[in-house]
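Hi! Here are my notes on the model you sent over. Have the viewer open while you read.

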Amino acid sequence: MDADLQLKVLAHVKFVAMHYFAFKGSLETIITFVAYSMGSDSPSPDRLDNFLRRAETQRRLENEFETALFMDTAKVWHLVSLVVPMDVAIARRRLNHRPISPGTQCRWCLADSKGFAGQELKPELDIYRQPVPGSFLHPQCMRPWLAMRALCDREN
Ligand SMILES: [Zn+2]
């Protein structure tokens, strides 16, 4: 896949992530969404599979396209948009939303790690580096979560 096509694929993965916000399922399904979004420009499913499984691709998605793509301990794939809402009302609503299972659910994408929470999620730390009770996140989801919190703090 040349650099141009790679960029196109990454942009479409971001677009799909924003559409679903947080999708959980097989990589095959994610590939179907991306191929559908790209239409006739899409590389074959095999090439997309190979490209999206690479750690380097996943790092680029996170750093340059505000998108997390990862497989969890139970081998389920997650596609999560890391785009921070610009609307403070929306940001505040999300910050105030308490997950149903606060000890095992990611505050940002709301995926429940259940028995793997200790491995998969990190505690949110406040400005004094103290853990915020009942607030845990995937490492990938931590940055947008803290950015969203900073946005609301500025508006207070
Ligand atoms: Zn998450």
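1. First, some housekeeping. This is a predicted model, where local features need pLDDT of at least 70 and side-chain atom pairs count only at pLDDT 80 or more, while totals for chains, interfaces and linings use all residues. Residues are numbered from 1 along each chain as its sequence is written.

2. The chain is assigned domain 1 (3–81) and domain 2 (88–155); such bounds come from an automatic or database domain assignment. Taken over C-alpha atoms, the centres of domain 1 and domain 2 are 23 Å apart.

3. Now look at where they meet. Domain 1 puts 10 residues into the contact and domain 2 puts in 8 (contact means C-beta atoms, placed from the backbone, within 7 Å). On the domain 1 side, E1, E2 and strand E3 (77–81) each give two or more residues (strands are DSSP runs of E, at least two residues, and helices are runs of H or I, at least four, numbered from the N terminus).

4. Next, check Phe21, in the loop between helix H1 (3–20) and strand E1 (22–25). Its phi is near 65°, a positive value in a residue other than glycine. Phe21 is partly exposed because 13 other C-beta atoms lie within 10 Å (20 or more would be buried, 12 or fewer exposed, and partly exposed is in between, with C-beta atoms placed from the backbone).

5. Glu66 sits in the loop between helix H4 (55–65) and strand E2 (67–71). Phi of Glu66 is positive too, near 50°. Glu66 has 17 C-beta neighbours inside 10 Å, so it counts as partly exposed.

Terms used
Contact = placed C-beta atoms within 7 Å.
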